[in-house]
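Have a look at the structure first, then take the tasks one step at a time.

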2 protein chains.
Amino acid sequence: MQATMVNLYGPVAEDMILVEDLLESAKQVEIPPLKRMLDHALEGRGKRLRPALVLLAGSFGDYNLNRLVPLGTAIELLHTASLVHDDVVDGATSRRGRPTANAVWDNALTVLLGDYMFANAAEMVTRTGSIEVTRLFALTLMKMTSGELDQDAAAFDVGKDIQNYLWRIGGKTAALFANATEGGALLAGCDPASVDALRSYGYSVGMAFQIVDDILDYSGDEELLGKPVGSDLREGTITLPGLLLLERYPRDNPIKKFFTARRGREERLQEAIAMVRETDVLQTSMEMARQYVGRACEAIEILPDTEARRCLHGLGEYVLERQS
Amino acid sequence: MQATMVNLYGPVAEDMILVEDLLESAKQVEIPPLKRMLDHALEGRGKRLRPALVLLAGSFGDYNLNRLVPLGTAIELLHTASLVHDDVVDGATSRRGRPTANAVWDNALTVLLGDYMFANAAEMVTRTGSIEVTRLFALTLMKMTSGELDQDAAAFDVGKDIQNYLWRIGGKTAALFANATEGGALLAGCDPASVDALRSYGYSVGMAFQIVDDILDYSGDEELLGKPVGSDLREGTITLPGLLLLERYPRDNPIKKFFTARRGREERLQEAIAMVRETDVLQTSMEMARQYVGRACEAIEILPDTEARRCLHGLGEYVLERQS
């Protein structure tokens, strides 16, 4: 176990091994090509932030790992499956310095790999024994794909506003964070007010997480991110910093020029990236992320002051400070 | 309601409108691009064979439409979602004479459309209130994608045998038929022997259905099918007729030549199609399909002799006789 995980996940850090074990078991299939693809997709070990949120939320009630671990694992599988499909959708060839599944195999097999993982996630969540949590999980995937689809359908369109952006990231990212904390609380039998507080925490932290992601796409270190700066804009996706730039400089805006340019597009793109980095839109974006974390921490004020609650506070800070 | 449906689905034909209504409600989303895509994907009204099987199976117990209709709808959504992704995977531009979603939009949006529909199907099945049936549903999708993935990973490979073919179509097609009848029986609270009989019926009819599909790909009317004869082989998929041809004529086989040819591939393909059509492999394949239908009808001998059972017998015949 990494030292950072112990610091980040405190009281549940040791139990995270059970999530790893269940993820490992999901790779054990008898179809060789599928096994190779699953090994690849689940190899790049992330921080498992979402499963940790399930366990932390569950600690505010009946901390039953037989129910919480399958939900945490299902959520991580769902998250990974959605990344697998996103990489097909975006035509991405690398993620965090590793080749994507669609780069190693092809789009056709990778679509099926993602489908299999979605199905496996759905099967995993039924192991919680809760039809309510299983239903929540399916609704979350509907929100995730709606948000993603809306974003992709609006590529290279400067007509969308910040409200639309917030709705979109609410679906594609925050919904799964909210599902993690709400689901954990429901499985632990928390009272409705605590369930609501934890759902609200998850949602707000998820919003902050995505905003920071979108900031890092402009300000981050290409080495750490494993992708070039400005990748979103290159694909036609305008995130919060770009939307703020359009709002402040509606005329003669380099994003508009990039989207409409017939030639010299790379130059236009670089101009847009430079302008985002030089103006204050990244600070303003970070301020919004900080507000979301503030709301998240406020929401859980009603919960008892446990080590888990302090952990959730710490995770809010971590989300703001992360560099990749 | 079409006259054929009344004949085919007998006692449950009228209730099928409830499945249509629920499918219709699934199209009502507030995201315009998603709405357009759902309208397109769910427009081509098929025969709704799988939902009918759910209702027919459910008629052998407590025929509760509040539980059976959501399962039937979920299964039709899952079936349609898998066709949407299959068309992306195969690069198909038309299906039954209509352009595919990936032909109208693009692969990226179509992958997300399919994901949304899978999620909606998963949500729909939770409305049955049964965690057992929800779990069965997720396991079915795992089998379906495993079968499809195995098939695609083995494209242009002559090393697979009939046993592998049967396993593969068991996953990609028969599993969903079996889910329809088993799920319907479980929701209706049938006794274990009846559940087993109905599951077995669904599985065998599904096997026959796919074998006939694979026969029609060689023998069918291109107009009725809405695709050229020999489409599977062109994509590198060897189905039962081709496998029988390879078994009988291991040397100098035109399929092998087609797969390895560097030039004159179209000519080789046409030779292979002609040889399949001229030898007895299509009759032998049909004989196997007939055996599966025989097994299906045998399995339900233990059930009471109701109109629904006679319908299931009739559906077995229909599966063998269909021309498209």
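**Exercise 1.** Which side chain does a polar contact join to that of His79(A)?

*Solution.* Before we start, note that this is a predicted model, where local features need pLDDT of at least 70, side-chain atom pairs count only at pLDDT 80 or more, and totals for chains, interfaces and linings use all residues. Residues are numbered from 1 along each chain as written, chains are lettered from A and ligands numbered from 1 in the order written, and side-chain values use heavy atoms, without hydrogens and water.

Step 1: list what His79(A) touches. Leaving aside neighbours within four places in sequence, His79(A) is in contact with Arg50(A) and Leu176(A), contact meaning heavy atoms within 4.5 Å.

Step 2: the side chains of His79(A) and Arg50(A) are joined by a polar contact of 3.3 Å. Such a contact is a pair of N or O atoms within 3.5 Å; within protein, one must be able to donate a hydrogen and the other to accept it, and residues adjacent in sequence count only if both atoms are side-chain atoms.

**Exercise 2.** Decide whether His79(A) counts as buried or exposed.

*Solution.* Step 1: recall the cut-offs, which are buried under 20% relative accessible area, exposed over 50%, and partly exposed in between (1.4 Å probe, protein chains only).

Step 1: His79(A) has 15% relative accessibility, so His79(A) is buried.

**Exercise 3.** Describe how chain B meets chain A.

*Solution.* Step 1: count the residues. In chain B, 37 residues are in contact with 37 residues of chain A.

Step 1: take the area. The two chains bury about 3400 Å² between them, 80% of it on carbon and sulfur atoms; this is the accessible area (1.4 Å probe) that two parts lose on being put together, summed over both.

Step 2: look for charges. The rule finds 2 salt bridges across this interface, a salt bridge being a side-chain nitrogen of Lys or Arg within 4 Å of a carboxyl oxygen of Asp or Glu. Arg135(A) forms a salt bridge with Glu123(B), with the closest N and O atoms 2.5 Å apart.
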